[in-house]
Amino acid sequence: MTDAATPFPTQPSEFQKGDVVIRCRNITKSYDGRPILKGIDLEVRKGETLVIMGGSGHGKSTMLRLMIGAERPDSGTIELFGNDITALREEQLYPIKRKFGVLFQSGALYNSMTVGDNIALPLREHTNLDEHIISIIVKLKLELVGLRDFEHLVPSQLSGGMKKRVGLARAIALDPEIIFYDEPGAGLDPVMLAVIDELITGLGEKLGVASIVVTHEMDSAFRIADRMVLMHGGVILAEGTPEEIRNSPDPVLQQFIQGKAEGPIPLRLSSKDFAEDLLGG
Amino acid sequence: MTALAGLGRSGIEVFRFVLSCFALLYDFLYWLAVAPWRGFPVRVHESARQAVRLGVNSIPIVFLVNFFVGVTLAVTVADILRLFGPVEYTGSVMGVGFWRELSPLLTAIVMAGFAGASLAAEIGTMKVGEELMALEASALNPVRFLCVPRLIALLLMVPVVTLFGNVFGIYGGFLVCTGLLEQSPTLFWDKMLDSMKMKDIWVGGMKSVIFGAIVGLVGLAQGLRVRGGAEGVGKATTNAVVYSIILIIAADCALTIALYF
């Protein structure tokens, strides 16, 4: 499956399997004075799949946006391939951005372009390959996600799951060394989910791609993860291998991975007492 | 007091927005003039595509609006001039009026509705759909990739379309003078050309470039700051048209006064 990813003339990476490719230190971020991240430390190694879990509103997506350089943290450093991206200007970030791919939650396809052009865009913009080669790479990447016949359609003609698969094909167009996945399972049927899971682990094992996966799908998370972290209330509550996480006695962690309604995680986010609020106190 | 506070707040809001337009203009100039020397070329082909989409496709509407205003203006002016006698000067009013004032203004207002709204909706939808973030994540600056070609297209096409507007508007006046008022065509052209100066032409041209910049910057800046789904896109589209029209008329007023002397 991953043979398809090799014809692209990428330079051999200077990073070996096991080297740290992402290192976040003491990241804080707040929006409108509301702290979302309160000091996050995170490391991801080449060839490893890290799953980030956590309830909605607990900072997973924010963390992802910071790591891809879409936003800057209030404090702390984020090193990608040894470069602190929080200290770089936009143009200095470009060479680093070319070495990672992102699969967005909705796929985020460019709606004005065909499926084929969506995947070809990074190749046209960042390489000197001629159109003939680019069209071959586009076909290879589409075959990888099982959508080779859809090259000439536009995104509005695709279902949500298909858009996501095209989004993945686009994310791996430049054969990145790191791939970020924002909820790759949402909106996919179980079979397709398994295919994507296999793709993620395959990219990691065979090509040494580091994957950072933000997800809610527990089955899928345990299937693909080499390491897992649970973000809760802006901090990392637990970190470990799937085995360690499964056997952890932490009640919050257990409630989350078993998906129970009752437990220590508060359902209601209000600060005031309910009765007090109703009676106008 | 609350009404006054509200007025103050929206005043600050508009001021902030105008500042963001200038920030976008600064970015535009950077990606147009500096970045190409650093290996980030301007997307010429895309600019041409946008020029067709935003400029050429607007010509039918510009024709209708300028033509009807041309006819209306000619009849109104002739009616007033008839009181004093020199009805043949209608041609002079048409020439100066359209070249210097009406065609730049009318065309820009049409473009605010036609192109400005479309830009705000397009860019806003892309923002909501994470497309702008996807561009950034693949090391493609959205301003360079999306805004620069669209703004180039408008800066080139608004003056061109304004030129068409002149022709359509004056043609409307010409039909009134030769048909309704039974003047000879040569009299109309002679009177028109006699009263026109080079200044009328360059003032009109300059206005159309500035108005093109306003339509483009306001539409794009509104699109870029969209938040929160479909409602945000709708609001940005409305704002793009409203802000463009206000700023165009304000700029026109200022330019007309400044260039009177």
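How are α4(B) and α9(B) oriented to each other, roughly parallel or roughly antiparallel?

**Figure 1. Helices α4 and α9 of chain B.** In this predicted model, the close-up shows helix α4 (residues 90–128) of chain B beside helix α9 (residues 229–258) of chain B. Their axes come within 8 Å and cross at roughly 155°. Since angles over 145 degrees count as roughly antiparallel, α4(B) and α9(B) are therefore roughly antiparallel to each other. The crossing in which α4(B) passes α9(B) is right-handed. The contact of α4(B) with α9(B) consists, by class, of 15 nonpolar, 9 polar and 2 charged residues.

**Figure 2. Helices α4 and α8 of chain B.** Helix α4(B) also meets helix α8 (residues 198–224) of chain B, where the two axes come within 7 Å and cross at roughly 15°. Angles under 35 degrees count as roughly parallel, and α4(B) and α8(B) are therefore roughly parallel to each other. The crossing of α4(B) and α8(B) is right-handed. In the contact of α4(B) with α8(B), 18 residues are nonpolar, 10 are polar and 5 are charged.

**Figure 3. The surroundings of V77(B).** V77(B) counts as buried because it has 21 C-beta neighbours inside 10 Å, the cut-off being 20 or more. With residues up to four places away in sequence left out, V77(B) touches T90(B) and V93(B). G234(B) stands 157 residues from V77(B) along the chain, and the C-alpha atoms of these two residues are separated by 40 Å.

**Figure 4. The interface between chain A and chain B.** Here 15 residues of chain A are in contact with 11 residues of chain B. On the side of chain A that touches chain B, the elements that give two or more residues are α2 (90–97) and α3 (115–126) of chain A. By class, this side of chain A has 8 nonpolar, 3 polar and 4 charged residues.

**Figure 5. The four-stranded sheet of chain A.** An open sheet of 4 strands in chain A has the order β2-β1-β4-β5, and its pairing is antiparallel. The edge strands β2 (34–45) and β5 (83–84) of chain A each pair on one side only. Strand β4 (residues 75–80) of chain A is joined to β5(A) by 2 bridges, and these strands run antiparallel. Across this pair, E79(A) has D84(A) in β5(A) as its bridge partner.

**Figure 6. The six-stranded sheet of chain A.** Another open sheet of chain A is made of 6 strands in the order β6-β7-β8-β3-β9-β10, with mixed pairing. Strands β6 and β10 (235–240) of chain A stand at the edges with a single partner strand each, so one side of each is left without a neighbour in the sheet. From one strand to the next, the twist averages 15°.

Figure 7. Strand β7 (residues 178–182) of chain A is mostly covered, and 5 of its 5 residues are buried. In a regular strand, side chains alternate between the two faces of the sheet. In β7(A), both faces are covered: buried I178(A), F180(A) and D182(A) lie on one side, and buried I179(A) and Y181(A) lie on the other. Strand β6 (residues 100–103) of chain A pairs with β7(A) in the parallel sense over 4 bridges. Within that pairing, F180(A) in β7(A) is the bridge partner of V102(A). β7(A) also pairs in the parallel sense with strand β8 (residues 210–214) of chain A, over 5 bridges. There I179(A) stands opposite S211(A) in β8(A).

**Figure 8. Helix α1 of chain A and the residue G69(A).** Helix α1 (residues 60–67) of chain A is mostly covered, with 6 of its 8 residues buried. The buried residues of α1(A) are K60(A), T62(A), M63(A), L64(A), L66(A) and M67(A). Just after α1(A), G69(A) adopts a positive phi of about 80°.

Notes. Residues are numbered from 1 along each chain as its sequence is written. Chains are lettered from A and ligands numbered from 1 in the order in which they are written. This is a predicted model: local features need pLDDT of at least 70, side-chain atom pairs count only at pLDDT 80 or more; totals for chains, interfaces and linings use all residues. Axes are lines fitted to C-alpha atoms, for helices over the stretch in contact, and angles run from 0 to 180 degrees between N-to-C directions. Angles under 35 degrees count as roughly parallel, over 145 as roughly antiparallel, 65 to 115 as roughly perpendicular and the rest as oblique. A crossing is left-handed if the near helix is turned anticlockwise from the far one by less than a right angle, and right-handed if clockwise. Ala, Val, Leu, Ile, Met, Phe, Trp, Tyr, Cys and Pro count as nonpolar, Asp, Glu, Lys and Arg as charged, and the others, Gly among them, as polar. Two residues are in contact if their C-beta atoms, placed from the backbone, lie within 7 Å. Two strands pair if DSSP finds at least two bridges between them. A residue is buried if 20 or more other C-beta atoms lie within 10 Å of its own, exposed if 12 or fewer, and partly exposed in between; C-beta atoms are placed from the backbone.
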